[in-house]
Amino acid sequence: MSDFEIVRVDERDSSWEDDHPRFRVYLHGSGQSSISGWTDTYDVIGADVLQVIDWAQRQTGGLLTYAIALVSDLYSQDENSEVDRGLTWLVGIDGNDDTDNDPRAAETQRRMLARRHDPVIIPAQDRMPEGLPDPYNDGTESR
């Protein structure tokens with residue numbers, strides 16, 4: 001039994017949209033059966049989630065794991081308060097989270113490890129355009 005839910009909704013119940021989202025990509029230097037270890041983090045702006053998945057998978061080279069979150073900034077009415085930045089996990093989770101007592105998180109980490117050998121298939125028209133930073137393939141960073 002899963003804890004998934006699918007509920008029909010009225011699409012007019014939202015009060016705002018963001019057509020220029022900021023995604024955060026976490027690349028993990030993970031082991032054979034664990035995703036904990038070093039992390040390299042990038043923000044990707046101006047792409048959609050399929051393009052971000054494509055970019056992240058190309059960086060991993062089948063050796064690293066990755067996770068992708070949507071970055072959201074909440075602003076207070078108070079002029080002097082700081083921005084409260086948060087993350088919504090879209091693909092994977094924090095690679096250094098302890099999953100010993102959380103079966104759902106442990107399953108998510110297992111799927112992250114599996115994606116190294118069985119990646120998400122992104123159609124050609126949804127791939128990240130050429131010519132953008134490509135640190136794990138252009139020699140800037142190493143796996």
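Modeller: A residue counts as buried when its relative accessible area is under 20%, and as exposed when that value is over 50%. The model shown here is a predicted one.

Colleague: Is Q109 buried or exposed?

Modeller: Q109 has a relative accessibility of 11%, and therefore counts as buried. This residue lies in helix α2.

Colleague: Which residues does Q109 touch, leaving aside those up to four places away in sequence?

Modeller: Q109 touches I35, I93, D94, G95, D97 and T99. A polar atom of the Q109 side chain lies 3.4 Å from the backbone oxygen of D97.

Colleague: What span should helix α2 have, and what do its end C-alpha atoms show?

Modeller: Helix α2 comprises 12 residues, 103–114, and at 1.5 Å a residue should span 16 Å. Its end C-alpha atoms are 16 Å apart, in agreement with that expectation.

Colleague: Which residues of α2 are buried?

Modeller: They are A105, A106, T108, Q109, M112 and L113. Viewed down the axis of α2, the buried residues fall within an arc of 160°, so they line one face of the helix. The face turned away from that buried side carries the exposed residues P103 and R104.

Colleague: What covers the buried residues of α2?

Modeller: The cover includes β1 (22–29) and β3 (65–74). Seven of the eight residues of β1 are themselves buried, so this strand is largely enclosed by the rest of the structure.

Colleague: How many bridges join β1 to β2, and how many join β1 to β3?

Modeller: Eight bridges join β1 to β2 (residues 38–45), and the two run antiparallel; H28 stands opposite T39 in β2. Seven bridges join β1 to β3, also antiparallel, with R24 opposite A69 in β3.

Notes: Residues are numbered from 1 along each chain as its sequence is written. This is a predicted model: local features need pLDDT of at least 70, side-chain atom pairs count only at pLDDT 80 or more; totals for chains, interfaces and linings use all residues. Side-chain values use heavy atoms; hydrogens and water are left out. Helices (H or I, at least four residues) and strands (E, at least two) are DSSP runs, numbered from the N terminus. The expected span of a helix is 1.5 Å times one less than its number of residues. Buried means under 20% relative accessible area, exposed over 50%, partly exposed in between (1.4 Å probe, protein chains only). The arc is that of the directions from the helix axis to the C-beta atoms. Contact means heavy atoms within 4.5 Å. A polar contact is a pair of N or O atoms within 3.5 Å; within protein, one must be able to donate a hydrogen and the other to accept it, and residues adjacent in sequence count only if both atoms are side-chain atoms. Two strands pair if DSSP finds at least two bridges between them.
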